[in-house]
Amino acid sequence: MQSRWLHVAAVAAMLLPGCLNETFREGEPRLEFDREETSVRAKGGDGFVRDTFYVSSNRSWSAAVADVEADWLSVATGGFENPAGVLKTAPLVVVCKDNPSEEERTSEVVIFVSGLQKTVSVRQRGVRMIDELEGSGIDPFVYEDYGQIY
């Protein structure tokens with residue numbers, strides 16, 4: 001009786017690898033984002049402003065700044081390896097240098113995957129300058145401390 005089970009197990013073990021040769025890779029390449037554009041503030045605490053997109057794809061992908069002249073924008077995440085070929089979501093971190101200008105600036109990040117390419121827009125606001133604050137009293141400045149005006 002035990003010999004019969006050993007034969008059945010041996011035959012099953014020989015047939016099982018033939019069943020597993022099936023590929024699980026999805027057919028057509030897919031590339032999706034959680035949003036098509038972002039708008040970031042002009043300045044960050046450490047000289048940089050960061051934002052994160054989430055990229056969903058069933059293939060490995062890479063990312064680069066579209067405009068070579070946009071030296072203020074870079075990608076911290078250069079891509080994502082997805083050898084399994086199933087839909088996975090990964091972060092794409094964009095980094096903007098502080099914008100010292102009042103002018104808004106824009107550029108795009110391009111994501112490449114298996115012959116496809118899509119872009120996401122990055123817009124960085126300019127610094128808002130305040131010309132003059134009206135003060136009461138001796139000088140033309142108003143000092144603010146925790147929301148109370150002195």
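**View 1. The whole chain and its secondary structure.** The chain contains 1 helix and 11 strands, where helices (H or I, at least four residues) and strands (E, at least two) are DSSP runs numbered from the N terminus. Followed along the sequence, these elements give the pattern α-β-β-β-β-β-β-β-β-β-β-β. This is a predicted model, in which local features need pLDDT of at least 70 and side-chain atom pairs count only at pLDDT 80 or more, while totals for chains, interfaces and linings use all residues. Residues are numbered from 1 along each chain as its sequence is written, and side-chain values use heavy atoms, with hydrogens and water left out. Of the 150 residues of the chain, 26% count as buried, a term that stands for under 20% relative accessible area, as against exposed at over 50% and partly exposed in between (1.4 Å probe, protein chains only).

View 2. Two strands are said to pair if DSSP finds at least two bridges between them. Strand β3 (residues 48-57) pairs with strand β1 (residues 31-33) in the antiparallel sense over 3 bridges, and here F33 has V55 in β3 as its bridge partner. Strand β3 also pairs with strand β7 (residues 88-97), again in the antiparallel sense, over 10 bridges, with K88 in β7 as the bridge partner of S57.

**View 3. The open sheet of five strands.** In this sheet, 5 strands follow the order β2-β9-β8-β4-β6, and the pairing is mixed. The edge strands, each of which pairs on one side only, are β2 (37-40) and β6 (79-80). Within the sheet, β4 and β8 pair in the antiparallel sense over 4 bridges, and A64 stands opposite V110 in β8.

**View 4. The largest nonpolar core and W61.** A nonpolar core is a set of buried Ala, Val, Leu, Ile, Met, Phe, Trp, Tyr and Cys residues joined through side-chain atoms within 4.5 Å. The largest such core has 20 residues, of which W61, L73, L92, C96, V109, I111 and V122 touch the most other members. Two or more residues each come from β1, β3, β4 (61-65), β7, β8 (105-113) and β9 (116-124), and the largest share, 4 residues, comes from β7. Leaving aside residues up to four places away in sequence, W61 touches several residues, including V55, F80, L92 and I111, where contact means heavy atoms within 4.5 Å.

**View 5. A charge over a ring.** R35 lies over the face of F53, at 4.7 Å from the ring centre; this description requires NZ of Lys or CZ of Arg within 6 Å of the ring centre and within 35 degrees of the ring normal.
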